[in-house]
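Thanks for making the time this morning.

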Amino acid sequence: MKWPMAGTESAGNGAAGSGRRASHGKRRILDRVGIVLPASGIAAVAVAAVTIGAYMASPSDSGASSLALAIDSLPQTGAIAAVEQEQRQIAVMSAATTVLTVAAKPTVVSPAQIETQAAQAVQAQQQQQQELQQQQQQEQAQQQDTAPAAPANPTAAEATGEQLMLADGFPSSQWSCLYDLWERESGWNVYAQNPTSAAYGIPQANPGSKMATYGADWQSDATTQIKWGLYYISSTYGTPCDAYNFDVANGGY
């Protein structure tokens, strides 16, 4: 019998051991792959089935909301959690788009409403113009010469006033204005004195001493007072009617 050489046996044992280790390693890899692939396939099928069931069960809900509810029922693996987060972002964006669409929707106004508003604006403008015209007419009426006619039998002072007025070149049509002007101011009283000022006499010269330029008896003589009054009216207003209108409008002349 021939015994195998030691070196040859050792080499054979080494090759056989190496072959056995390689065979065991391949089986481990196949075992892992055989477990992972079916698990991944089952998870994918489960997600698809749950999603389809959610759409069928809730047709009125949006796809993003139904899918989010369906995924909540699955085990929270890393991949499923990522999908769920993405679907939630889609739902938030969809809600924001809806809000923007509603906020940006223009207000629709019918032609009838536009015509009604325009008519109301025109009516308000016309009413404002009418009120302004009425106010102007009232102001004009107040300024209008409404001097009453002179009395048929004037007193001595009044008769002197009319004579001196005509002598100064004023027409007779100015007499009614002169009469009413001094009737308002003093009542044709040579001693009339204003309680709130130094105005005095028939023309209410202020102060009364101004009339001294026409006579030293300015405090008691109607002629002196009337002459000064006619001079003042002529130099300041032009005519007795102009002075009267100013007096009516301003409460003094």
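Thr224 sits in helix α7, where helices are DSSP runs of H or I with at least four residues, numbered from the N terminus. Please keep in mind that this is a predicted model, in which local features need pLDDT of at least 70 and side-chain atom pairs count only at pLDDT 80 or more, while totals for chains, interfaces and linings use all residues. Residues are numbered from 1 along each chain as its sequence is written, and side-chain values use heavy atoms, with hydrogens and water left out.

Is Thr224 buried or exposed? Thr224 counts as buried because its relative accessibility is 5%, and buried here means under 20% relative accessible area, with exposed over 50% and partly exposed in between, using a 1.4 Å probe and protein chains only. Setting aside neighbours within four places in sequence, Thr224 is in contact with Met211, Tyr214, Gly215, Asp217 and Trp218, a contact being heavy atoms within 4.5 Å.

Let me follow one of those partners. Met211 lies in the loop between α6 and α7, and Met211 counts as buried because its relative accessibility is 0%. Beyond its neighbours within four places in sequence, Met211 is in contact with Tyr200, Pro203, Ala205, Trp218, Thr224, Gln225 and Trp228. The C-alpha atoms of Met211 and Gly229 are separated by 8.2 Å, although the two residues are 18 residues apart along the chain.

Now to α7 as a whole. Its 15 residues should span 21 Å at 1.5 Å a residue, and the end C-alpha atoms are 21 Å apart, so the two agree; the expected span is 1.5 Å times one less than the number of residues. Besides Thr224, the buried residues of α7 include Gln225, Ile226, Trp228, Gly229 and Leu230, and what covers the buried residues of this helix includes α5, α6 and α8.

In α6, the buried residues are Trp175, Cys177, Leu178, Tyr179, Asp180, Leu181 and Trp182, and their cover includes α5, α7 and α8. Just after α6, Gly187 takes a positive phi of about 70 degrees.

Which residues have the most contacts inside the largest nonpolar core? They are Trp182, Trp188, Ile202, Ile226 and Leu230, in a core of 22 residues, where a nonpolar core is a set of buried Ala, Val, Leu, Ile, Met, Phe, Trp, Tyr and Cys residues joined through side-chain atoms within 4.5 Å. Helices α5 (156-167), α6 (175-185), α7 (222-236) and α8 (240-250) each supply at least two residues of this core, and α6 gives the most, with six residues. A second, separate core of five residues includes Tyr200, Ala205, Met211 and Trp218, which brings us back to Met211. As for Trp182, its contacts, not counting residues up to four places away in sequence, include Trp188, Ile202, Ile226, Leu230 and Tyr253.

Finally, the overall picture. The protein has eight helices and zero strands, and buried residues make up 23% of its 253 residues. Of the contacts with a separation of 6 or more, 46% are between residues 24 or more positions apart.
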